[in-house]
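Welcome! Let us walk through this structure together, one contact at a time.

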Amino acid sequence: MHCEPFEYEKPVSLREFESLYAAKGEDAKILAGGTDLMVLIKEKLLAPRLLIDISDLHELQGISFDSRQGLTIMAGTKIAEIERSALVKEHAPALAYAAANLGSNQVRWMATMAGNICHASPAAETPPVLLAHDCELIIGKQGGERTLPISRFFLSYRKTALEPGEYLKAFRLPPLPERSAVAYRFKGLRRAMEIDMLNIGAYLELSEEGQSVSDIRLAMGSVGPTTYRATATEQRLKGMQIDDEFFATACGGVVQEASPIDDVRASAEYRNRVIGVLTRRALEECLEIIASRGNKA
Amino acid sequence: MKKLIKLEINGENFDLAVEPTAYLIDVIRESVGLTGTKKGCGIGDCGACTVLIDGRPALSCITLAVACTGKAITTIEGLSKGTELHPVQRAFIDKGAVQCGFCTPGMVLSSKALLDENPHPSQDEIKTALAGNLCRCTGYAKIVEAVEHAGQLLSGEVTHEQA
Amino acid sequence: MSKHDFDVIGKDQKRKDGPKKVKGEHEFADDIQFPMMLHGRIKRSDIAHARIISIDTSKAEALAGVKAVLIGSETPIKYGIVPQMPTEYALAHQKVRFYGEPVAAVAAVDPETAERALDLIEIEYEALPVYTTPEQALAEGAVKIHEDNKFPGNIAYEADQNFGDVDEAFKNSHYVLEKVFKTSYVNHVFMEPHCAVSKFDTNGELFIWSTTQIPHYLHTHLAKVLQMDMNKIHVKVTGVGGGFGGKGEVSNNELISALLARKAGRPVKVLYSRKDVFLQHRGRHPIEMRVKVGVDKEGMITGIDYNGTMDGGSYGGWGLVILFYTAAMLHLPYNVRNVRFYARRIYTNKPTCGAMRGLGGVQPRFALESLLDQIAIDIGMSPYELKKKNAIGLSHETVSGQVVRHSEFRKCLDQAVANSGYLEKHGKLPFGKGIGLAGGYYISGTAYTLYMAYKPHSSAMIRVDNESGVTVYCGATDIGQGSDTVLGMMAAEKFGLPFESIHVVSGDTSLAPFDLGTFASRVTVAAGSAVCKAADNVLEKLKPVAAIQLGVSTDQLEARQGKIYSVFEKSKEIDFWKVVEKYIDAHGPLTATGNYTPPRRTGNFKGANIGHSPTYGFSAQCTEVDIDIETGEVRVIRVTEAGDCGQPINPVSVEGQVEGSIVMGMGQALFEELKVGKDGRLLNPSLHDYKVPTATDIPELKTTFVDSYDPDSPFGAKEAGEGPIQPVIPAIFNAVYDAIGVRFTEMPITPEKVLRALDEKKKQEGMQS
């Protein structure tokens with residue numbers, strides 16, 4: 001499989017990377033894990049002139065937590081590390097679960113969550129969970145950085161809000177309030193090595209008395225050109241009592257807001273049908289988690 | 001333009017001139033001549049090309065060779081010492097987990113990486129760890145058995161003779 | 001197991017190639033390198049059906065590093081695995097018939113240069129209508145895909161067989177059920193892509209190393225296409241990374257590597273990408289079958305009527321043989337006296353279908369085992385009871401004259417049912433959970449050669465000496481199934497020597513005597529018989545020498561545990577190797593040959609000689625499924641298998657074959673399907689989108705053997721590599737019916753289809769109530 005020639009650079013510091021990327025960003029692609037990028041190049045869907053390898057930049061590695069800012073995952077962290085991290089398992093277990101179900105073990109040791117996000121595939125595994133967490137993205141560029149809620153990151157099919165010269169530096173998942181939980185559900189044909197036919201991330205926060213919804217986020221994948229939130233449904237659900245009508249509104253709502261297409265993996269009809277089922281299951285799981293925490297406390 | 005790189009493969013250093021576009025699998029197979037690493041799909045879907053990079057399983061068909069300088073690469077040839085097989089290799093033979101042998105090198109390396117991290121994996125953990133290594137001959141059952149057995153061999157719970 | 005007392009046979013044997021394989025040392029074709037070796041790549045058509053107007057290779061030839069460019073008009077010789085019906089060219093000649101057909105080839109100093117050169121080849125086509133389904137290809141006025149095809153339109157072959165009186169049988173039946181079944185377009189997905197390396201020596205002799213199941217047929221094809229004498233061609237089978245029938249036909253890359261090597265005057269390797277493998281294809285035929293079965297009040301089958309349309313893809317391949325195999329495999333393992341079979345194989349503009357594990361059997365078994373399940377339920381009988389009643393006995397002659405000399409199929413049914421608790425579960429599990437039963441069988445040892453020749457189908461030579469030990473030379477090909485181990489074990493048992501001391505040389509047309517190849521589950525019986533006879537002939541020579549040494553008569557001698565001894569007086573024994581030494585001192589080299597020809601039987605109807613077999617293997621499976629009725633996901637939980645493979649020679653290998661068959665069949669039942677666009681393009685020719693089961697998808701597998709021994713087979717053995725895939729799919733489909741009451745008739749059962757069917761069912765129930 002021949003491809004157009006490209007050059008390869010491996011900066012040794014973040015500063016060097018930023019200046020290189022600022023200078024050559026237009027023709028360059030960032031190589032973090034390569035599990036998407038190298039396949040796209042091999043299949044001749046991309047032909048960058050330069051690959052900038054950031055996989056060993058220590059400034060971009062690591063997972064940390066503090067009670068004010070929450071969980072910070074640096075962009076270069078491998079999916080396998082997220083999957084195994086005690087901090088992630090504690091503060092964002094649904095993310096650990098989504099990470100554990102991404103590709104194969106080999107892919108998880110190579111790929112990064114930044115890559116999973118920046119390729120902006122509507123079927124990607126981690127975006128629904130990150131959207132459910134209302135994660136904040138720290139976006140870097142030479143001489144500065146900015147933050148962006150992930151809900152404003154995916155613009156359209158495989159298009160993100162990154163400006164030329166910008167790169168994804170870190171994910172920040174705010175601490176989960178009491179009586180809240182995130183759950184992730186997905187559907188593929190096989191049990192592993194799948195590109196999901198559907199996936200969903202759900203965030204549910206209950207009011208103090210524990211009977212009604214104080215906040216909710218529902219993020220759906222593979223039902224549109226990007227992963228996105230069913231915001232109209234979320235609005236309707238806020239304040240509702242947790243009862244059959246709540247589930248019916250949630251499931252009916254996501255189906256309304258989903259706009260899937262037929263493709264080689266599944267039909268639009270199937271996706272419309274099952275997104276509601278996954279939503280209900282994710283919300284039930286949120287309730288279970290909240291209840292079990294309550295019991296422990 | 002070719003770049004001069006140094007790759008550490010199975011503890012040995014190789015000085016190589018490679019194009020930036022060269023994939024690790026091709027360099028390992030063609031330039032270094034270690035043909036135990038197999039190419040089954042070329043785009044990271046089958047796992048036949050699995051090698052260990054710093055102990056972690058990686059797909060050498062979608063890894064650039066130039067990106068591997070300074071890392072320790074282990075191929076299937078690096079697992080055994082002469083005729084002395086690694087317990088994972090031993091277990092694959094003992095349990096009949098080898099048929100055509102094409103997926104075997106990748107399968108063995110993925111298994112080794114698993115056992116290094118988790119010496120007593122459950123059947124489900126084994127299946128998950130091997131999900132990226134496709135095999136069409138065995139139906140996986142004997143492979144899963146072999147990995148369980150390898151864990152026992154490694155921990156000394158059983159010896160090869162008892163197998 | 002059996003009452004037979006063996007030292008080697010029937011005991012788990014670690015294969016000799018194991019250590020090499022776990023170390024990555026087993027040599028596959030792509031591992032071969034020669035100095036100055038070139039890499040060949042193939043230019044494929046980007047249109048599914050067209051006349052080739054012109055090909056301009058000048059720019060490609062001008063590219064630095066390109067050493068040879070080849071096009072179809074340079075090799076206009078048709079070939080085919082069925083020599084009476086050659087339809088293919090090494091490179092498309094005058095016409096292309098599927099999207100991705102090889103049109104030109106380049107040999108260059110490295111793969112990148114070769115691929116760059118492909119982009120420089122300019123081809124002008126005149127488009128023709130594209131037919132991706134048999135309906136389109138059969139439509140009135142459709143253009144003939146093969147202009148010289150002797151059947152009307154795009155019918156590649158047509159067959160009609162009629163035994164007994166089916167119409168009369170149905171008239172007198174208690175219950176008759178008819179359904180239409182559709183099978184899917186699936187690929188073998190062996191893990192090793194095709195690869196061949198060709199090299200001409202100074203004397204103009206061709207050496208080719210290839211991953212093939214059929215060195216002999218490759219040999220004849222090369223002679224034909226390259227117009228060379230066979231004795232100047234040497235075929236060497238490398239490691240074969242799985243075949244499952246897909247390497248049971250000559251592949252374009254093999255011929256192209258030889259043609260390019262001759263043109264360039266340098267060794268040429270042609271390695272396929274995974275996409276190339278999907279285009280070479282030769283996977284299972286999708287068949288649309290209208291099948292009708294009648295039973296009497298007792299549930300005895302009165303008759304079967306089969307009408308099938310096979311989607312053959314663009315070329316002939318094994319199609320004709322598979323068509324007649326399907327006819328032969330329609331009604332066994334049941335006793336049926338009235339059978340009508342009509343089938344057509346249709347050319348379409350798609351990659352060619354061919355032989356895939358269990359060929360000829362998988363599709364009719366799917367239909368029959370599904371229908372019998374439904375009939376039993378409809379007449380209020382357990383499917384087990386109905387199948388057991390109709391199952392053939394210990395031996396059987398079918399209405400079409402096939403002789404089954406040995407069958408333990410009834411034991412298979414009993415054992416699978418008992419081990420799985422089928423009777424306690426079937427019809428009694430909660431909605432969404434189900435269990436299904438299906439039976440199957442396969443030929444073993446094959447009776448038919450692809451061309452009429454009277455030479456033995458398998459031959460073996462054994463050489464014994466004190467320097468090199470025992471060497472078995474046999475043309476059979478080990479494609480991973482472990483035939484070298486099995487043949488070595490047979491020789492070891494015969495000579496009373498440890499398996500480790502036997503060398504097996506196979507898969508090399510220069511070194512080993514003739515064998516037809518590895519397909520249709522023929523090796524253990526056919527090549528095994530040849531090896532056993534050769535070993536007997538060696539012993540015939542050794543025993544008289546031992547007899548004189550021991551002072552006993554020859555006929556009381558046996559070879560065991562390294563000795564030749566008198567069965568009446570064990571103390572009269574002599575070391576095996578001592579006898580060998582004495583023999584060679586007196587007579588010179590010790591060699592012997594053996595060969596095997598299956599019994600010839602020919603009925604007086606068309607295709608009568610295809611599908612006959614010296615013996616048959618049987619199996620039954622009970623499969624349990626769990627269905628998520630909200631998402632439609634079908635999960636196979638457990639498969640309980642009972643197989644009659646005669647005496648298992650190497651039980652661990654047989655289990656491996658059975659387990660591999662079950663998981664492969666499950667893939668076809670649940671996920672696998674090659675999808676084709678309207679323009680004939682494959683939509684999912686990657687392991688990303690063509691989904692084979694992963695380790696996480698497998699069910700619990702409980703495989704067992706039934707007590708069995710075919711006295712006319714070598715060490716009582718029969719096949720195990722293809723029979724066990726036969727029941728897999730219908731057992732799953734029957735289990736799905738048991739789980740949710742929906743009778744699926746089309747593969748694969750995707751979650752979508754499950755949900756749609758459940759909706760439909762609810763609607764109908766709503767209308768009824």
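Two residues are said to be in contact if their C-beta atoms, placed from the backbone, lie within 7 Å. By that rule, the contact between chain C and chain B takes 46 residues from chain C and 43 residues from chain B. Before going on, note that this is a predicted model, in which local features need pLDDT of at least 70 and side-chain atom pairs count only at pLDDT 80 or more, while totals for chains, interfaces and linings use all residues. Residues are numbered from 1 along each chain as its sequence is written, and chains are lettered from A and ligands numbered from 1 in the order in which they are written.

Now look at the side of chain C that touches chain B. Two helices, α1 (18-22) and α17 (651-670) of chain C, each supply at least two of its residues; helices (H or I, at least four residues) and strands (E, at least two) are DSSP runs, numbered from the N terminus. The largest share, 8 residues, comes from α17(C). By class, this side of chain C holds 18 nonpolar, 17 polar and 11 charged residues. Here Ala, Val, Leu, Ile, Met, Phe, Trp, Tyr, Cys and Pro count as nonpolar, Asp, Glu, Lys and Arg as charged, and the others, Gly among them, as polar.

Chain C also meets chain A, in a contact that takes 15 residues from chain A and 20 residues from chain C. On the chain A side, helix α11 (residues 268-296) gives the most, with 4 residues. That side of chain A has 9 nonpolar, 2 polar and 4 charged residues.

Next, step inside chain C.

Finally, visit a pair of helices in chain B. In α4(B), Gln123(B), Ile126(B), Lys127(B) and Leu130(B) meet Ile143(B), Val144(B), Val147(B) and Glu148(B) in α5(B). The residues of this contact divide into 5 nonpolar, 1 polar and 2 charged.
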